[in-house]
Amino acid sequence: MNLRDVLPVAAGALALAISSQVAQSQSFPTQPLRIVVPLAPGGPIDLLARAVAENMSASLKQPVVVENKPGAGGNLGAESVAKSAPDGHTLLAALGTTLTVNPHVYPKMPIDMLKDLRPVANMASTSQMLVVHPSVPANSLSEFIALAKNEKMSYAHAGHGSPGHLAMEYFRLKTGLPEMTPVPYRGNAPLVTDLLGGQIKVGFVATAGVIQHVRAGRLKGFAVSSKERSLLAPDIPTVAESGYPDFNFLTYFILLAPSDVPDATLAVLERDARLALANDDLRKKFANQDVIILAQGAAETAALIKSEYDLWANVAKAAKMKAE
């Protein structure tokens, strides 16, 4: 599913579309709101959640604070929100893969991701770039694939279930590559350091985190994972245009509430989240980090999650992916 060309809806249209439901919940919110990010601070979703919280605080006339609760690949934070009071005052800002991949790779899940959480909005998406160390004897995606089919390779990723891990396994299945040895790192910073030093030579990494090294010639960039070229790297082709037209890997940033939150409360949250994301300054700021604002509503987000859930059930099984 290609969503990067979806534009935020105008503020007036947003208000009209759900005004009848919002009118039913004039008492909400009655206290400060909390957005739980189930990852460590400083990453793209954490930064976006804080920007959205600031804008929502102004429109809701209540403080909106962000709390980082990392652990178990996002499961810990997701569980805390799912089991919180379903009054709309506690939300989750999670990577889509927490919802769509974790259930297929973790042997025991603390909650049912599809039943215990309710989408509010799909806030944004971002892509990954396949990069290699300059010593790798390939200068294009096709040359790299030919090399990888005949040479045992390792690749770096920022932890089990991370976007780079998932992108590479999906890429491997789509291109018919043999198994590659995954080498996990504790985040992107040490991973990029070792890529630059040649200790590890291949990886899918967030485009914003490597584009400066590609431009400087310290890494080779072969392709981006999205259907469209990255705004940060318009000269780097996509995997799709390089011979694999159905390849599309995006990481989504999704805002959710406990499943039993009332419809009227959800309508308020959806309206204010989408209005927060429609801010031009916010959109421009995050576009410069290869984070494309989508501001999709609850119904569209639910359909996306279901589609991605089914996709990753098949990928996880084919790639024999299991949480460590």
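Is aspartate 290 buried or exposed? Aspartate 290 is buried, with a relative accessible area of 0%; buried here means under 20% relative accessible area, exposed over 50%, and partly exposed in between, computed with a 1.4 Å probe on protein chains only. The tour returns to this residue at its last stop.

The model is predicted, so local features need pLDDT of at least 70 and side-chain atom pairs count only at pLDDT 80 or more, while totals for chains, interfaces and linings use all residues. Residues are numbered from 1 along each chain as its sequence is written, and side-chain values use heavy atoms, with hydrogens and water left out.

**The whole chain**

Display the protein chain as a cartoon. The chain holds 12 helices and 11 strands; helices (H or I, at least four residues) and strands (E, at least two) are DSSP runs, numbered from the N terminus. With a radius of gyration of 20 Å, close to the 20 Å that the globule rule gives for 324 residues, the chain is as compact as a globular protein of that length. That radius is taken over C-alpha atoms, and the rule is 2.2 Å times the number of residues to the power 0.38. Along the principal axes, the C-alpha atoms fill a box of roughly 65 × 40 × 30 Å. Of the 324 residues, 54% are buried. Contact means heavy atoms within 4.5 Å; among contacts between residues at least 6 apart in sequence, 80% join residues at least 24 apart.

Select proline 29, in the loop between helix H1 (11-23) and strand S1.

Now select glutamine 62, in the loop between helix H2 (44-60) and strand S2 (64-68). Glutamine 62 is buried at a relative accessible area of 18%. Leaving aside residues up to four places away in sequence, glutamine 62 touches Pro29, Thr30, Gln31, Pro32, Leu33 and Ser57.

**Helix H8**

Move to helix H8 (residues 188-197), whose buried residues are Leu191, Val192 and Leu195. These cover an arc of only 95° around the axis, which puts them on the same side of H8; the arc is that of the directions from the helix axis to the C-beta atoms. Turn to the face pointing away from the buried side to find the exposed residues Ala189 and Thr193. The cover over the buried residues of H8 includes strand S5 (128-132), strand S6 (154-157), strand S8 (202-206) and helix H9 (207-215). Just after H8, glycine 198 takes a positive phi of about 85°.

**Salt bridges**

- Select aspartate 272 and arginine 271, whose closest N and O atoms are 2.7 Å apart in a salt bridge. Aspartate 272 is buried at 2% relative accessibility, whereas arginine 271 is partly exposed at 22%.
- Select aspartate 280 and arginine 283, in a salt bridge with closest N and O atoms 3.8 Å apart. Both lie in helix H11 (residues 280-287), three residues apart, about one turn of the helix.
- Select aspartate 310 and lysine 306, in a salt bridge with closest N and O atoms 2.8 Å apart. They are four residues apart in helix H12 (residues 298-318) and therefore separated by about one helical turn.

**Around strand S11**

Finally, return to aspartate 290, in the loop between H11 and strand S11 (291-296). Aspartate 290 has a positive phi of about 65° although it is not a glycine. Then select alanine 295 in strand S11. Alanine 295, also not a glycine, has a positive phi of about 55°, and at 3% relative accessibility alanine 295 is buried.

Note on methods. Salt bridge = Lys/Arg side-chain N within 4 Å of Asp/Glu carboxyl O.
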